[in-house]
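Colleague: I have a model open and want to go through its local geometry. Can you take my questions one at a time?

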Amino acid sequence: MHYMLPRKRAGEGEVVEGETENNNSTNNINNTAVTPPIKKHHISTADATDLTANNQTLTVGDNRSNYSSTSVIELPVMAPWGANLNDIDEDLHSRQLAVYGRETMRRLFASNILISGMQGLGAEIAKNLILAGVKSVTLHDEGVVEIWDLSSGFVFSENDVGKNRALASVQKLQDLNNAVVISTLTTNLTKEQLSDFQAVVFTDITLEKALEYNDYCHNHQPPISFIKTEVRGLFGTVFCDFGPEFTVFDVDGEEPHTGIIASISNDNPALVSCVDDERLEFEDGDLVVFSEVQGMTELNDGKPRKIKSARPYSFTLEEDTTNFGTYVKGGIVTQVKQPKVLNFKPLKEALKDPGDFLLSDFSKFDRPPLLHIAFQALDRFICEVGHFPVAGSEEDAQKLTSIAADINECLGEGKVEDINLKLLRHFAFGARAVLNPMASMFGGIVGQEVVKACSGKFHPLFQFFYFDSVESLPAEPLEPSDFKPLNSRYDAQISVFGSKLQKKLEDAKVFIVGSGALGCEFLKNMALMGVSCGTQGKLIITDDDVIEKSNLSRQFLFRDWNIGQAKSTVAASAAASINSQLKIEALQNRAGPETESVFNDDFWENLTVVISALDNVNARLYVDQRCLYFQKPLLESGTLGAKCNTQMVIPHLTENYGASRDPPEKQAPMCTVHSFPHNIDHCLTWARSEFEGLLEKTPAEVNAYLSNPSEYATSMRNAGDAQAKDKLERILECLKREKCDTFQDCVTWARLRFEDYFVNRVKQLTFTFPEDAATSTGTPFWSAPKRFPRPLQFSAADPTHLNFIMAASILRAETFGIPVPDWAKNPKMLAEAVDKVIVPDFRPKEGVKIETDEKATSISTASTDDSAVINELLFKLERCRNNLPPGFRMKPIQFEKDDDTNYHMDLIAGLANMRARNYSIPEVDKLKAKFIAGRIIPAIATSTAMATGLVCLELYKVLDGAHKVEDYRNTFSNLALPLFSMAEPVQPKVTKHQDMSWTVWDRWILRGNPTMRELIQWLKDKGLNAYSISYGSCLLFNSMFPRHKERLDKKVVDVAREIAREELPPYRSHLDVVVACEDDDDNDIDIPQISIYYR
């Protein structure tokens, strides 16, 4: 058995050559629950040597490992379900933590996994689990690398041919995450060895062996999670058995649903109504608990109660509340997520009685039973013949079909009525090949199932899943000679698709936009498939971003030494190392209107296909419009946690990406965020806004004023509004009343900010709107969802109060360029500095206007004398400026969420939690605050891998070029459930006029540098009466304006230059005009954009 020695994971022991090292996590995490530190065994060098000499297994808890080197070993004693509190590198795993949470991550960190079969599928599964950060992965394979394996194994190169697959894989996999122990097994695997693992995955195993291993795993105590998976050409399967009784702790990974109560009736059953600002997500049968209910306090006992008759804003409670107290006000209702126990059948039973198959494509609902037979037939074929069916061999295909028919006949009532001979022929022809897109897709699915097995997070696949993508085959039938191997690294792919399509892949000109998680996976897939690897091929990737530490947990082409480097450059280099024939060029340009001189007409027109790997909607919409304009296929995909979607945008066959959009996210009203928060999101939105105002915007305004006082003063006088007045007040405050010269001044500022935010403002609010205040209609002002706040009492003995002061004063000092003394981070000395601050008394004022209108977009109040106030403020500022040292400037601080040492998140979490405490809203730790305030998109490697695999299955169809719309598939998947939903893309809307028809894909072209009159006549010949012509935002012609008739005999391009008053860029040879037309009956007709070529 061979081992790679891992780099230490924070909070864990480490195998160290010749020395021990203590490691204290630097993460400062506020947790409500504190776990005691784990105990550790200390094993001397002699002990370790004795263990090695006797070839014994060193057992630690339920985790066992063999160590083959003489080392001092410090190992944590832990059960598979427990781990140290500070063992998670949040900078590295933040996006994954947003999906799984800490507890699931700890369980992963304590899990040992076996992967048997290291062809393309095994390598993909290993990659995803190593990136996720399991404790150890053992790679088992007794075979050697063949040139055939290079079609799907990103860990192999030509130099590895002839080496053991597991040994050839280990170094490249170890590079992905040095905190994971990676070991290899290259000899026959015994079932007893399986007891070393929490989960075992087999990708290339006979059914006989699978039954033996599964029986052992199923009956082991505790059970060992067993997964058998295969990809054979364009067909794949997964079988899961996690034991007789497997508990799922969280079936979907979603946050528990909540509602804010408006009323509860004294009835049997009780009717609960909630405020109507957000729809309830409850379902019949859900269990819920109540809190903060006033009046009917009996419901606050924490007992889960069942609901029924769930509606958008109300539900019925299975509870007799007739004799309960009368509901007065308040209350939160929260869903209680229930664990679920699954009773898995062993493989032997499941083969005979598979139950319900997990469907992926409802147009193929009859496929899984047939594929269930086909995979068994393939196993029997190999056992009888000694090899896989040969691609193109009708004899082998016939034999496999005959075996399948025999198996089917033995099924009795469960037999399949229609044995699809054509499908089985495709299955036989491609059976030996492991295709990269299939390996990528199934690597994501199986990787996620292993995570479920180790953690109980998300619902497992229960128990069989079958998938095929025969639509990816070339539209034209292939001859047996097309499958003939060429002794190339693409032979496996050629055995499925033939050499003609392989040539099209190699000569493709591909543009990948984005080089993040999706981009890395796409580049790996392109290199393995041979896309753009021919003499005519070219792959261009662009990304303007640089690599950060948080990228490394899923953007697998990057290493820690690449941090700070350009993503596209590093990714391109890594992809070329997978396949040296890849013709790739890396750019660092954002794809947008500002880079159309780079991505010009020639660039787009020469492309074969565009693959989007972007992470924001606006960029996607721009690329979509470019593809629409130049009529290029766009393969679109995206992920969100365990969810992924793919959309195929094919010229003239499908609608474009922008044709349908999600509704915009609902924003909380300004007054809610500023004065009436009722959840932690509101508090964090406010906290981030205050952070940016205090530390970025105001210092930037100060600098803008100091850089050019007279120009700044003129612009403020010209504006003359409440916003200009507010800016000037903040600048004056910063440079005079709140100017800091020493760190003690910064502490004073922070302490007074605390008083202002969490004491004085609350006193003013509750003075203006007392607890018994009523609205103009007589209803209580403080009705749900409003929460009545209470001022805080500052205490230096409260660590959260002191942490707020520390973060605020350190960041304030940074804006003024004041050095931070060592005592600033010493709680006792900082508390002494805070005690020196004199806090003035506060008295609420009469007549203070507090915004309560939910439609208001600003909290600033305009007054009639703003201009007079602005002049007075500018006069004071001028006097203040004269007292500043020469060249004085402030240092604005831009919010950076991914650096835990910069105090940004400490301040934002402190601001939000103190505000939450004011309003009795549950507080959050710094990590949860980072997710919300940093707007972190949850991301994991498994869903990314699956999405890119699905897209690449569609890429075969695009590059073949002869497929119909019904052959393409859009997919939505949620690996947490799991759910796979594939459907034919929506076709574009067709507009008809006379004998013509067109869609959004059509662009009419008029060459020869025509005049306006010639353009109008050209349309007239089509039965279209043009009455308005525009170029961008400029109106070139409108029949209502007599003077416009003077333009009719001018060239369209000349009119455009004259009206737009700009020179057309030299890289353009045409301009686009939008023409409004009517038919002869005066009906408006939407016609395509018209491109006027003028050179």
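Modeller: Start with a loop. Pro 785 lies between α20 (743-768) and α21 (799-816). Keep in mind that this is a predicted model.

Colleague: Which residue has its charged end over the ring of Phe 781?

Modeller: A charge counts as over a ring if NZ of Lys or CZ of Arg is within 6 Å of the centre and within 35 degrees of the normal. Here the distance to the centre of the Phe 781 ring is 4.8 Å. The residue is Lys 786.

Colleague: How many aromatic pairs does a search of the whole structure find?

Modeller: Rings pair if their centres lie within 6.5 Å. One of the pairs is Phe 511 with Phe 603. The search of the whole structure gives 48.

Colleague: How is the pair of Phe 511 and Phe 603 classed?

Modeller: The ring centres are 4.8 Å apart. Planes over 60 degrees apart count as edge-to-face. The planes of Phe 511 and Phe 603 stand at 90°, so the pair is edge-to-face.

Colleague: How many residues apart in sequence are the parts that this pair ties together?

Modeller: Phe 511 belongs to strand β22 (residues 509-513). Phe 603 belongs to helix α14 (residues 601-605). The separation of these parts is 92 residues.

Colleague: Is Phe 603 buried or exposed?

Modeller: Under 20% relative accessible area means buried. Phe 511 is at 0%. Phe 603 is at 14%, so it is buried.

Colleague: What is the angle between the planes of Phe 781 and Trp 782?

Modeller: Phe 781 is buried at 9% relative accessible area. Trp 782 is buried too, at 4%. Their rings are 5.3 Å apart, centre to centre, and form an edge-to-face pair. The angle between the planes is 85°.

Colleague: At what angle do helix α24 and helix α25 pack?

Modeller: Helix α24 covers residues 904-918, and helix α25 covers 926-933. Their axes are 9 Å apart. The packing angle is about 90°.

Colleague: Is α24 roughly parallel or roughly perpendicular to α25?

Modeller: The angle between α24 and α25 is about 90°. Angles of 65 to 115 degrees count as roughly perpendicular. That makes α24 to α25 roughly perpendicular.

Colleague: How many charged residues are in the contact of α24 with α25?

Modeller: From α24 come Met 905, Asp 906, Ile 908 and Ala 909. From α25 come Lys 926, Ala 929, Lys 930 and Ala 933. By class, five are nonpolar and none is polar. The charged ones number three.

Colleague: Where does Phe 458 lie?

Modeller: Phe 458 has a positive phi of about 80°, although it is not a glycine. Its relative accessible area is 2%, so it is buried. Its place is the loop between α10 (436-455) and β21 (464-468).

Colleague: Which strand holds Ser 314?

Modeller: Ser 314 is buried, with a relative accessible area of 13%. Beyond its neighbours within four places in sequence, its contacts include Leu 271, Val 272 and Ser 273. The strand is β18.

How values were computed. Residues numbered from 1 in each chain as written. Predicted model: local features only at pLDDT ≥ 70, side-chain atom pairs only at ≥ 80, totals over all residues. Heavy atoms only, no water. Axes fitted to C-alpha atoms, helices over the stretch in contact; angles between N-to-C directions. Helix = DSSP H or I, 4+ residues; strand = E, 2+ residues; numbered from the N terminus. Parallel < 35°, antiparallel > 145°, perpendicular 65-115°, else oblique. Contact = heavy atoms within 4.5 Å. Nonpolar A, V, L, I, M, F, W, Y, C, P; charged D, E, K, R; others polar. Phe/Tyr/Trp six-rings, centres within 6.5 Å; stacked < 30°, edge-to-face > 60°. Buried < 20%, exposed > 50% of the residue type's maximum accessible area, 1.4 Å probe, protein only.
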